Amino acid sequence: MPAQSSSSPITPASARGASPAAAPPETPTGRAADHPTVGAAGPNRPLADPAGSGAVPAVDVPRPAGPADPVDVMPTTVEAAGSPAGTTVPAAPSAPATPPAPPVPSPAGEIPLPADLAALRETAVGVLRANDLGDITRPSPTLYPHQWLWDSCFIAIGLRHLDPARAAAELLSLLRGQWPGGMIPHVIFAETTDYYHAGPQRWRCDRVCTTAGGVQSTGVTQPPMIAEAAVRVGEAMTRNERVDFYRRLAPGLIRFHEWLYRERDPDDSGLVALVHSWESGMDNTPTWMEMTKPVAPRTVRALRRINGDDALDALRRDSKEVPPDERLTSADLFTLYRIVRELRRSRYDFRTIRDTFVPLVQDVAFNAILIRANEHLVTIADEAGIPIPRWLSRSMRRSRAAMNELWSDGLYFSRDFRTGELLHHPTIASFLPLYAGVVPDDQVDGLVKTLLSPRYWARYGIASVPTDDPAFLPRCYWQGPVWVNMNWLIADGLDRYGRREAADAIRANTVEVIRASGSMFEYYSPLDGSGAGSNRFSWTSALLIDILATHPQVGLTSADSTRNP
Ligand code: 2M8
């Protein structure tokens, strides 16, 4: 793995004292009383504060209108080698009208990238640099000003190509927020006065626990991508650096996996349960919204009846950068806030939460990511020379077997923890068992065929909700758009099933949709490739850098829309 710390445009971690070999990174020490993001006068004031409106800086990056040439949106399909006969893989979007620029040496020093891709990579590096807050990287400059768990993992996977020590610091910094019981929170609040709609005062976690680093956090977790990211970062290090990094990470990481099973799988089912859609990372995915809508606050239902969505829209503050129709609905957002309130009252304790109205879901994507993470955890612990408790190894084995229970009618589905009923809503999550590597051989063909069908793989990539589903909205958050992290995970799984050509077609498509938009958007319409959500988004940038470094041939071929994978 080529490492480029010397020429990295990211500030070398050593300059900030954040090398994995150095002492743990300095941590903010603010508590509820003195943290700059807390307090009614601060920017994280309660949602309905009338003085709050308009305080969010407008995004200064123009939003592209989508592909210039409407002909570009016509579906083109090519035969998919490595997929069942008759399956087609949509081609990558065609190249921009300008003739291809001559190749320039790739920064990785291997296969030269065409000049436009080299420039795109520089844009991605620039985004990561701009979002770098020291030892953490915010997902985007305006909408997401703190540290998110799985974002940091995807970010580290890209950062390793620029500065492995900085990438390691990104992962180690997640341990600052670890709770005494082992939970690693989904957001660790940065010392910033920038507004975030679900800031510390919504969670009041300081009343429940003091984190090791004295930082403020949310009281829920997010997909456990840390072990995957750590192994990728470890690949970019010398053996000594890696062992040192793993020794620092492994104890906290093992405690996190222990917490997941102890706290969230109390009945030893093998599948952990989530208590909020924010834990799934796919906030408004239809599966979760089906569970969430019935617990909408009465006031929200009443306001909606009287004034439609307008009154609610006026109260929310997360949609100042991003138009409301690209985010979840206001009613759903206020319902998610209500669930946070209930979690807070339950002191984030699953035994208490179980007896409340809070929806509990054994989320298929989260559990798939956990299963893969377990494998990586074994590697990390082995190399660090730290044993994994026997009971944890047993739970890990149980998880692999339990995934089969989520299979129904050719897809995998999440399950209602209380009723044991499958939630039959097909989404991108249904394919994550490919990433986990738990799909039995005789089920792989069918699953891949479904993934490559136009229902899921539209002209500009894999839709997060099938395009013919009543819930599908091409530019609305987790309700339809293409997500670069999902593409990355599924392509990785396909590789391990020997479906390299389908995997590379996904990567080529990912690179192309980013190139066509010219910007690092949070998500993209699968129908016309237009960017949506936040711009200057970190994981899009990081995973683009990773794909171009690990699969440079994808960048070279992606402009050829007639290519046959
Ligand atoms: C989105 O979620 C946050 C809440 O966690 C939000 O909308 O405020 C999701 O896309 C999530 O997966 C992601 O980690 C986060 C930051 O990028 O944004």
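A polar side-chain atom of His-197 sits 2.9 Å from a ligand oxygen, a polar contact here being a pair of N or O atoms within 3.5 Å. Tyr-196 also reaches in, with a side-chain N or O atom 2.6 Å from an oxygen of the ligand. For Tyr-477, the corresponding distance from a side-chain N or O atom to a ligand oxygen is 2.4 Å. On its own the ligand exposes 420 Å², and the protein buries 100% of that (Shrake-Rupley areas, 1.4 Å probe).

This is a predicted model: local features need pLDDT of at least 70, side-chain atom pairs need 80 or more, and totals for chains, interfaces and linings take in all residues. Numbering runs from 1 along each chain as its sequence is written, and side-chain values use heavy atoms, with hydrogens and water left out.

## The shell

Around the ligand there are 18 residues, counted when a heavy atom lies within 4 Å. Asp-151, Tyr-196, Gly-281, Asp-283 and Tyr-477 are the closest. By class, the shell splits into 11 nonpolar, four polar and three charged residues; Tyr counts as nonpolar and Gly as polar in this scheme.

## The cavity

So where does the ligand sit? In the largest cavity, with more than half of its atoms within 2 Å of the grid points. A cavity is a set of points on a 1 Å grid over the protein atoms alone where a 1.4 Å probe fits but cannot get out.

The structure holds six cavities of 30 Å³ or more, and the largest has about 200 Å³ of space, as filled by probe spheres set on the points. Its lining has 19 residues, with Tyr-144, Trp-148, Gln-222, Asp-283 and Tyr-477 closest to the centre; a lining residue has an atom within 4 Å of a point.

Note on methods:
Polar contact = N/O pair within 3.5 Å; in protein donor to acceptor, adjacent residues only side chain to side chain. 1 Å grid on protein atoms, 1.4 Å probe; cavity = no way out; pocket = protein on both sides within 12 Å on 5 of 7 lines; lining within 4 Å.
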